[in-house]
Amino acid sequence: MGGVAGFGIANVDFIFGNSPRMPRLGEEIYSGSCSRQLGGGPVATLVLLSKLGIPVKLATYIGKGPLSQYLVEELEKNKLTYSNMLSSPEYDPVTLSCVVSCEQDRGIISYRPADDAFFVENQKVYEFYKGSKIAYLSLEQKELCRPLKEAGAVIVLDSAWNDTMSLDWYCDVFPFVDYFIPNEMEAEKITGTETAEEALNILGQYLHIPIVKKGNEGCIYKKDGNTYTIPPFPVKHIDSTGAGDAFAAGFMYGLYYGFDIDDCIRFGNVTGGNAVTEIGCLAAEIDEKKLLEKYREIYLEFSKK
């Protein structure tokens with residue numbers, strides 16, 4: 001079996017960082033920095049996994065426009081194997097986001113082409129994933145959870161916020177999902193609960209090992225009827241962009257090498273925590289050496305106390 005496979009629309013972010021505050025309607029203000037970066041989603045997660053030394057393959061949509069050209073440059077710079085799933089004449093089939101980041105928070109406005117620009121037959125997507133050791137799927141690909149699970153892949157299902165998300169969206173595929181990794185807000189929205197712990201209990205009715213990320217409070221999971229907490233990776237928080245995508249990379253690093261669930265979450269906490277120390281999804285550098293150093297420094301020392 002191969003490495004980790006992931007498929008999704010690429011995001012390109014123009015980030016106006018170190019802004020004194022969010023602009024009011026009709027107002028122009030100046031930020032302290034401006035950068036263009038790859039944004040969040042499966043592309044970011046696979047880039048990070050590659051930096052951690054894991055064999056990956058990525059499928060996305062690439063047109064002939066300047067944003068697509070930038071995407072290709074970034075993928076090739078990071079030495080990623082990628083497949084182009086574009087079957088429409090869309091010029092730039094990516095999500096473009098303008099991000100304003102200030103000390104208090106961030107604001108984002110995004111645009112992406114209509115859904116028909118991203119049409120691809122399920123069989124083609126299945127053939128792409130087939131043979132991977134870990135299949136990193138989004139809800140849009142939920143029909144593939146069962147056949148890929150039956151083909152021998154470990155299924156990791158990502159979550160992404162939507163105002164109408166509910167448990168009904170997931171119930172039919174949870175039996176074929178090995179790991180589902182929502183954050184606290186997503187888990188509460190999906191389950192209709194008010195706390196991460198309540199959401200965890202409900203998810204535990206459908207998943208063997210339910211997991212809920214709690215940001216700077218760490219991560220909780222349930223196994224064999226018991227709830228466990230993995231403490232966070234302590235960092236100075238700068239920007240939350242891409243933290244969830246980075247967590248997924250560290251988590252799947254652990255899965256790929258056969259670590260137990262505690263250590264998979266610890267690796268995820270390190271990569272997710274590292275991501276918030278710089279402005280932008282992939283701005284904070286990390287490689288396997290740094291991941292293992294931080295893991296030992298924080299979690300092995302913590303376990304001795």
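In strand S4, Leu-58 stands opposite Gly-6. The model is predicted: local features need pLDDT of at least 70, side-chain atom pairs count only at pLDDT 80 or more, and totals for chains, interfaces and linings use all residues. Residues are numbered from 1 along each chain as its sequence is written, and side-chain values use heavy atoms, with hydrogens and water left out. Helices (H or I, at least four residues) and strands (E, at least two) are DSSP runs, numbered from the N terminus.

- S1 runs parallel to strand S4 (residues 56-60), and four bridges join them; two strands pair if DSSP finds at least two bridges between them.
- S1 also runs parallel to strand S8 (residues 134-137), with three bridges. Here Gly-6 stands opposite Tyr-136.

**The enclosed helix H1**

- Helix H1 (residues 42-51) is largely enclosed by the rest of the structure, because eight of its 10 residues are buried.
- The buried residues of H1 are Pro-42, Val-43, Ala-44, Thr-45, Leu-46, Val-47, Leu-48 and Leu-49.
- Their cover includes S1, strand S3 (33-38), S4, helix H2 (66-77), S8 and helix H7 (243-256), where contact means heavy atoms within 4.5 Å.
- After H1 comes Gly-53, whose phi is positive, near 90°.

- Gln-37 belongs to strand S3 and is buried, with a relative accessible area of 13%.
- Leaving out residues up to four places away in sequence, Gln-37 touches Asn-11, Val-12, Asp-13, Ile-15, Tyr-70, Ile-279, Gly-280, Cys-281, Leu-282 and Ala-283.
- Leu-137 is part of strand S8 and is buried, at a relative accessible area of 1%.
- Beyond its neighbours within four places in sequence, Leu-137 has contacts that include Tyr-129, Leu-144, Cys-145, Ile-155 and Asp-158.
- Leu-137 and Asn-201 stand 64 residues apart in sequence and 23 Å apart in space, taken from C-alpha to C-alpha.

**The antiparallel sheet S11-S12-S13**

- Strands pair through backbone hydrogen bonds, either parallel or antiparallel.
- Three strands, in the order S11-S12-S13, form an open sheet with antiparallel pairing.
- Strand S11 (211-213) and strand S13 (226-230) are the edge strands, each pairing on one side only.
- From one strand to the next, the twist averages 15°. Axes are lines fitted to C-alpha atoms, for helices over the stretch in contact, and angles run from 0 to 180 degrees between N-to-C directions.
- Strand S12 (residues 219-223) is joined to S13 by five bridges, and the two run antiparallel. The bridge partner of Cys-219 in S13 is Ile-230.
- Helix H6 (residues 196-203) packs on the sheet and touches S11, S12 and S13, at about 30° to the direction of S12.
- Helix H8 (residues 261-275) also lies across S11, S12 and S13, running at about 165° to S12.

**Residues with positive phi**

- Asn-18, which is not a glycine, has a positive phi near 55°. Asn-18 is in strand S2 (residues 11-19) and is exposed, with a relative accessible area of 51%.
- Asp-224, likewise not a glycine, has a positive phi of about 55°. Asp-224 sits in the loop between S12 and S13 and counts as exposed at 63% relative accessibility.

**Cavity and pocket**

- On a 1 Å grid over the protein atoms alone, a cavity is a set of points where a 1.4 Å probe fits but cannot get out; a pocket is an open set with protein on both sides within 12 Å along at least five of seven lines; lining residues have an atom within 4 Å of a point.
- Grid points are joined across faces, edges and corners, and a volume is the space filled by probe spheres set on the points.
- The whole structure holds one cavity of 30 Å³ or more, and the volume of the largest cavity is about 30 Å³.
- Residues lining the largest cavity include Leu-48, Thr-271, Asn-274, Ala-275 and Cys-281. H8 gives the most to this lining, with three residues.
- The lining of the largest cavity has six nonpolar, two polar and no charged residues. Ala, Val, Leu, Ile, Met, Phe, Trp, Tyr, Cys and Pro count as nonpolar, Asp, Glu, Lys and Arg as charged, and the others, Gly among them, as polar.
- The second largest pocket has a volume of about 190 Å³, and its lining has five nonpolar, two polar and three charged residues.
- Among the residues lining the second largest pocket are Phe-16, Arg-21, Glu-27, Glu-28, Tyr-30 and Val-100.

Methods: Buried < 20%, exposed > 50% of the residue type's maximum accessible area, 1.4 Å probe, protein only.
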